Amino acid sequence: MRIFRIIPILALIILGTTLNANAQCKAFAKKICLPELGAYTHDGNYHAAILVEGEEAELYKTFYSDMEYRVAICGEDKLPKVEFKVLDSDKNILYSNKDANFAKTWDFKLQSSQQLKLVVKVSSFNKPGDTPASGCVAIMFGFKVKK
Amino acid sequence: MVVLLFTSLLIGCKSGGAKPTKQEIPMEAPKETKAVYDEIKQAEKIFNALPSPLESAMLIKSAGARFNETLLNPIGNVNNYVTNKSMALNLGIYTCDLSFASLYEQTQLIIDYMNAAKKMADGLGILKAIDQSTIDKLEENINNSEVIMEIVSETFMNSNSYLEDNGQPAVAAMVLVGGWFEGLYISTQLVDMHDFNGNKLVGRIIDQKLSIGILLNLLQSSKGNPAVDELVIQVNKLKIVFDKISITTSKIRPVFDKTSNTTMLKSDVKTDMTPEVFKELATTVAEIRSTFVK
């Protein structure tokens with residue numbers, strides 16, 4: 001019968017920890033990632049999640065020819081470097097931040113509107129036996145009207 | 001216990017418009033951590049990002065469209081919305097109207113529509129997304145469009161992050177759908193049929209075809225929710241019309257400009273939408289939108 005008392009307590013602890021992690025992720029996105037957008041207007045969308053080293057996330061979005069964009073991808077300090085690639089609908093790589101020393105931001109504009117795919121991957125510390133690092137990764141978009 | 005908490009934390013953090021996939025993670029895990037990696041295979045994320053209400057409004061303005069207050073959802077309708085679905089859709093709709101009013105510096109409407117959005121957010125139990133201090137800040141900066149856009153962006157982020165973080169992705173998706181439909185509704189209503197060919201706004205409407213798949217994927221991630229399932233049927237009706245529009249794009253060539261530190265993605269596009277298809281699209285959007293705002 002003891003188990004019936006333990007399970008609800010455990011569930012509450014897990015729920016509390018999850019909500020706390022989510023709140024921390026939102027705070028991280030607002031305080032650390034948002035300023036990376038600089039003079040670009042944040043679109044107001046929220047894309048953030050707890051990722052573990054080696055894990056990937058994908059994002060699909062349409063970008064318009066009238067706008068200039070900045071994408072900012074930020075990982076918490078406790079994570080290894082965060083890689084991101086931008087691909088077109090034929091899976092051609094248009095940009096990889098690996099070629100830019102793992103830059104957190106990329107500024108771009110388009111001649112014609114396109115749906116693009118972003119692939120974000122937390123690289124690995126490669127320390128066998130260690131518990132894999134986990135932390136918040138935020139993806140934010142800023143825009144301004146093309147000059 | 002620690003391992004259980006850790007793995008539960010990972011599973012519990014699926015976020016916004018995100019759905020787990022069955023894809024394998026291409027890496028080798030040490031034996032000691034294999035159990036943990038088995039769990040995180042389920043936690044991979046996919047985000048389906050629709051244009052936000054602010055971006056939709058900006059697209060309308062940048063296409064040279066004029067402001068027309070009669071196209072907005074009247075704030076007198078706020079008391080009609082009592083279900084989570086109607087409040088979520090109209091939070092997106094009022095936020096789009098608010099963004100539209102902000103970009104055209106309609107000072108009184110900005111306050112009115114922020115209050116309407118607040119009422120929807122409050123009804124959905126979104127704590128502190130839009131509080132009195134937000135309204136006060138808005139009033140203090142009513143003639144500063146940059147600050148107003150920051151406030152609109154921040155309040156929208158507060159709303160959708162709250163919904164995502166509190167296990168309500170279906171409601172978060174409906175907010176985005178409402179905002180997207182409102183932007184499309186306003187755009188289609190503002191097109192002057194005497195100036196159809198080469199009209200920039202028509203071009204932006206055609207571009208929305210690129211987002212219809214994203215929209216359906218976003219809704220599919222909450223499949224089984226009756227409110228979402230109804231929306232999927234409506235969006236599929238719209239997709240049938242969008243499928244009549246053709247968009248052909250050449251291969252994209254990234255060209256980096258050192259001076260501006262910006263990459264231009266060069267490509268040519270050919271689109272084809274007849275005035276008849278446009279009229280059908282405008283009618284379908286108006287019909288669907290009328291079910292949201294009634």
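Q: How do you know the angle at which helix α8 of chain B and helix α9 of chain B pack?
A: In this predicted model, α8(B) (residues 169-190) and α9(B) (residues 200-207) pack at an angle of about 145°, with their axes 9 Å apart; the axes are lines fitted to C-alpha atoms, for helices over the stretch in contact, and angles run from 0 to 180 degrees between N-to-C directions. Both helices are DSSP runs (H or I, at least four residues, with strands being E, at least two), numbered from the N terminus. Local features need pLDDT of at least 70 and side-chain atom pairs count only at pLDDT 80 or more, whereas totals for chains, interfaces and linings use all residues; residues are numbered from 1 along each chain as its sequence is written, and chains are lettered from A and ligands numbered from 1 in the order in which they are written.

Q: What makes Leu184(B), Ser187(B), Thr188(B) and Leu190(B) part of the contact with α9(B)?
A: Two residues are in contact if their C-beta atoms, placed from the backbone, lie within 7 Å, and on the α9(B) side the contact is made by Leu201(B), Arg204(B) and Ile205(B).

Q: Why is α4(B) called roughly antiparallel to α5(B)?
A: Helix α4 (residues 84-103) of chain B and helix α5 (residues 107-123) of chain B pack at an angle of about 160°, with their axes 9 Å apart. That angle makes α4(B) roughly antiparallel to α5(B), because angles over 145 degrees count as roughly antiparallel, under 35 as roughly parallel, 65 to 115 as roughly perpendicular and the rest as oblique. By class, their contact has 13 nonpolar, 4 polar and 1 charged residues.

Q: What makes Ala117(B) stand out in the largest nonpolar core?
A: Of the 120 residues in this core, Val137(A), Ala138(A) and Ala117(B) touch the most other members, and the largest share of the core, 13 residues, comes from α8(B). Such a core is a set of buried Ala, Val, Leu, Ile, Met, Phe, Trp, Tyr and Cys residues joined through C-beta atoms within 7 Å, buried meaning that 20 or more other C-beta atoms lie within 10 Å of a residue's own (exposed if 12 or fewer, partly exposed in between). Leaving aside neighbours within four places in sequence, Ala117(B) is in contact with Leu91(B), Tyr94(B), Thr95(B), Leu98(B) and Ile130(B).

Q: How many residues of chain A count as buried?
A: Of its 147 residues, 48% do, and chain A holds 1 helix and 9 strands.

Notes
Nonpolar A, V, L, I, M, F, W, Y, C, P; charged D, E, K, R; others polar.
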